[in-house]
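Please examine the sequence and the model shown below. The paragraphs that follow lead through selected parts of the structure in turn.

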Amino acid sequence: MRVTFTVNGREESADGVWEGESLLYVLRERLGLPGSKNACEQGECGSCTVYLDGEPVCSCLVAAGQAEGRRVRTVEGLAEGDRLDPVQEAFVECGAVQCGFCTPGLLVQAHDLLERLPDPSDAEIREALAGNLCRCTGYEKILDAVRLAATKKGAAG
Amino acid sequence: MDFLRPTTWAEALAAKADQPEAVPLQGGTDVMVEINFAVRRPPALLDLTRVAELREWSVGGGECRIGAGVPYRVVVEELGGVVPGLAQAARTVGSPQIRNRGTVGGNLGAASPAGDSHPPLLAAGAVIEVESRDGGVRTIPAAEFYLGVKRSALRPDELIRAVRVPSAPGPQYFSKVGTRNAMVIAVCSFAVALDPARRRVGTGIGSAAPTPRRAEEAEDLMARELDWDGPTLDPALVERFGRLCARAAAPIDDVRGTAAYRLRALDVMARRTLTWAWNDHRGRRAA
């Protein structure tokens, strides 16, 4: 089947999509957007997190057909041109990236957190990131990065 | 495989009637896992996320009606006052990403014995509203809905339209055992709901029998012996309540825990949640 939806502000179509295919597969394999990562395929790891109509979801659990006509924003859509989002800058500055596999999902999820709660407590950060697994033991740096991003956004806002 | 995309409830019912083997799809947090892992290859997926009325909820006539497409996030954020037990359980589901997509309706459709919604629905005496094109609307009490492991009273041509939960007439609590505070399938879970006006204590047990179930003997005990107006909760009565709740379960040993552990945990959770609820009841009485 053909599926058409908006990705990072642009309308995109994919043809020959299998009806049981996930949004994640369409993004990565058909639309050339490999930022969202494919790991657990069961919603456990959060590395495929994208915005769907403004809400972060695991794109591995969204059937491609469910995205028809909807708005998707992936990690590739966080930066504006060459200018990284404050969340991305903060991850770089804090060394919150080791192998990088969990990073795209964490960026989208942390981005959403700061959109909703500009000055989150540590408990709120932990809660927001509870569904994003990092296996390089990087959580402390990730928490540092989210705190720094909140400061950066606060200063910019 | 077909991908069916009804935009109205009537279209959805027609699609299910014409193709009863079509698998309803809401947030995909169960169905898509099975498809991703090739555990399931249904002839058709019936996407219900475009049926707007399923995403509505309302409160009135002494109950809260929650459309089958209302995600857990909304239950947590907006329904904590009217259905606190269910909202607490919704709060323990998966992660924020999962709660943005998963629904109580989907939990009912999957009918897993470990589903987090079931114990509070049982404890509160909820009813499930289902409909088919040819059979019309039926309401099924939660206590009669679960028939076996991942089997429910839903007929092949029926869809779940809503769940109706009585507006909480008293304190409600949910408790769940897992290895983490997030992203866990329950090792076992328990819900309690107090109805002081009717002198009733409702219960719900999760993940400790082939289906979610009530602890009826424990409920009967409380109906007979709980002194709702007394100054304290009799510790001996609490102990008997815990034992009867555990006795109502029929757990197995599996990857998440042993049967013996589950029985012990249920005993503890039953006593704990009852005590929390009683303390709230006493506080409200004094206020």
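In which sense do strand 4 (residues 57-60) of chain B and strand 5 (residues 63-67) of chain B pair? They pair in the antiparallel sense, over 4 bridges. Here helices (H or I, at least four residues) and strands (E, at least two) are DSSP runs, numbered from the N terminus, and two strands pair if DSSP finds at least two bridges between them. Within this pair, Val59(B) faces Cys64(B) of strand 5 of chain B. The hairpin leaves 2 residues between the strands, and Gly61(B) there takes a positive phi near 60 degrees.

This is a predicted model, in which local features need pLDDT of at least 70, side-chain atom pairs count only at pLDDT 80 or more, and totals for chains, interfaces and linings use all residues. Residues are numbered from 1 along each chain as its sequence is written, while chains are lettered from A and ligands numbered from 1 in the order in which they are written.

Chain B also holds an open sheet of 3 strands in the order 1-3-2, with parallel pairing. Strand 1 (2-4) and strand 2 (23-25) of chain B stand at the edges with a single partner strand each, so one side of each has no neighbour in the sheet. Strand 1 of chain B pairs with strand 3 (residues 44-47) of chain B over 3 bridges in the parallel sense; Asp2(B) has Ala44(B) as its bridge partner.

A hairpin is found in chain A as well. Strand 1 (residues 3-7) and strand 2 (residues 10-14) of chain A run antiparallel and are joined by 5 bridges, with Ser13(A) as the bridge partner of Thr4(A). Between these strands lie 2 residues, and Asn8(A) in the turn has a positive phi of about 50 degrees. Strand 2 of chain A is hardly covered, with 0 buried residues among its 5. A residue is buried if 20 or more other C-beta atoms lie within 10 Å of its own, exposed if 12 or fewer, and partly exposed in between, with C-beta atoms placed from the backbone.

Helix 4 (residues 84-91) of chain B, by contrast, is mostly covered, with 7 of its 8 residues buried. Among the buried residues are Leu86(B), Ala87(B) and Gln88(B). The elements against which the buried residues of this helix pack include helix 3 (72-78), helix 5 (96-101) and strand 10 (159-166) of chain B.

Chain A is divided into domain 1 (3-77) and domain 2 (86-156), with bounds that come from an automatic or database domain assignment. The contact between them takes 13 residues from domain 1 and 11 residues from domain 2 of chain A, where two residues are in contact if their C-beta atoms, placed from the backbone, lie within 7 Å. Between the chains, 23 residues of chain A are in contact with 24 residues of chain B. Strand 4 (residues 55-58) of chain A gives the most to the side of chain A that touches chain B, namely 4 residues.

The largest nonpolar core has 130 residues, of which Val75(B), Cys245(B) and Leu266(B) touch the most other members. Such a core is a set of buried Ala, Val, Leu, Ile, Met, Phe, Trp, Tyr and Cys residues joined through C-beta atoms within 7 Å. Helix 11 (residues 259-286) of chain B supplies the largest share of this core, 7 residues. Both domain 1 and domain 2 of chain A give residues to this core, so it lies between them.
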